[in-house]
Each structure stands twice: as structure tokens, then as C-alpha cells.
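Have the structure open while you read.

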Amino acid sequence: MTYAPQAESGRRVVFVRGLELMARLGIHPHEKAGPQRIVLGVELVVQDDAAPAAVGPDDFRRVVDYARLVETAREVVAAGHVLLVETLAERVALAALADPRVERARVTVEKPDAFPDVASVGVVVERIRGG
């Protein structure tokens with residue numbers, strides 16, 4: 001489940017995949033006792049002023065900085081204990097939407113160590129500017 005760029009409507013996709021972080025997350029006592037590993041993914045639909053057929057200026061100011069996106073996600077996760085993966089994902093999505101060029105944000109939070117016999121559990125949320 002991923003976004004796709006849409007040249008006709010002037011959209012590109014910016015993403016971060018597989019960001020492993022230690023998060024204070026969960027409702028159970030063992031989850032409250034210490035951080036646990038999560039894997040975060042973020043996809044953004046972003047305005048692309050050069051679409052559909054041009055090459056935009058080779059200027060960093062015209063793009064959404066994925067390094068800043070990673071740092072923002074790290075800051076949200078480090079902000080403190082959150083009970084629900086849904087809440088954490090929503091906070092990351094809203095932080096990404098703070099950039100006015102971002103129209104949509106889809107955030108995945110996975111807990112790969114939740115169960116010994118399951119590869120991963122988690123949630124995907126989507127938030128839309130003005131939605």
C-alpha cells in the first residue's frame with residue numbers, strides 16, 4: 001500500500017522506510033517498563049511544481065527534506081510514553097503536514113517484537129491537509 005506520484009496533478013512522493021527506533025509505547029506493564037523497538041514508515045504526497053514535464057531548479061529549498069522528516073519522526077517518538085501505536089502514527093503524520101507542501105501523510109508504525117511467532121504488528125494511518 002503506497003502512494004504513487006501523479007505528474008498530471010503536480011504531485012510527487014517523498015518517503016522514509018524502515019526507520020528503526022526505540023519507543024516508549026504500549027499499554028501493558030512490560031511495555032511501560034522500558035522502550036521497545038518499532039519500525040516506522042512515512043509516505044508523503046507533496047506538491048511538485050515542475051510536473052508534469054519539466055525539470056525543476058536544482059535547489060534544495062524547493063523540496064521536502066527527507067532528512068528533516070527523519071529527524072521530526074525521531075523527535076515525536078522521543079517526546080515520551082504513548083499508549084497507542086495509533087496515537088504515535090497520528091502525531092508523526094500531523095508533524096509532517098506542518099510543511100505546507102505536504103498534502104497527504106501516511107504513517108506506518110510496526111512492533112516487530114510484540115509476539116515471538118509473528119513478524120510484526122502495527123497500524124497504518126493517513127492524514128490529509130485540511131481533512
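The points below take the salt bridges in turn and then a surface patch.

1. Keep in mind that this is a predicted model. Across the whole structure, the search turns up 11 salt bridges.

2. Start with E31 and K111, which form a salt bridge with their closest N and O atoms 2.6 Å apart. E31 sits in helix α1 (residues 29-32) and K111 in strand β3 (residues 102-111), so this pair ties together parts 80 residues apart in sequence. Buried or exposed, these two, E31 and K111? Both E31 and K111 are buried.

3. E71 and R74 also meet through their side chains, in a salt bridge at 3.9 Å, N to O. They are 3 residues apart in helix α2, so about one helical turn separates them. E71 counts as partly exposed because its relative accessibility is 33%, and R74 is partly exposed too, at 39%.

4. R106 pairs with E126 in a salt bridge, the closest N and O atoms being 3.4 Å apart. Here R106 is in strand β3 and E126 in strand β4 (residues 121-128), so the link ties together parts that are 20 residues apart in sequence. R106 is buried, with a relative accessible area of 12%, while E126 is partly exposed at 31% relative accessibility.

5. Now for the surface: I27, L83 and L84 make a nonpolar patch of about 270 Å². L84 is in the loop between α2 (66-78) and α3 (85-96), and its 41% relative accessibility makes it partly exposed.

Conventions:
Residues numbered from 1 in each chain as written. Predicted model: local features only at pLDDT ≥ 70, side-chain atom pairs only at ≥ 80, totals over all residues. Heavy atoms only, no water. Patch = residues over 30% accessible without salt bridge, like charges linked within 9 Å, V, L, I, M, F, W, Y side chains within 5 Å. Areas by Shrake-Rupley, 256 points an atom, 1.4 Å probe, with all protein chains shown as cover. Salt bridge = Lys/Arg side-chain N within 4 Å of Asp/Glu carboxyl O. Helix = DSSP H or I, 4+ residues; strand = E, 2+ residues; numbered from the N terminus. Buried < 20%, exposed > 50% of the residue type's maximum accessible area, 1.4 Å probe, protein only.
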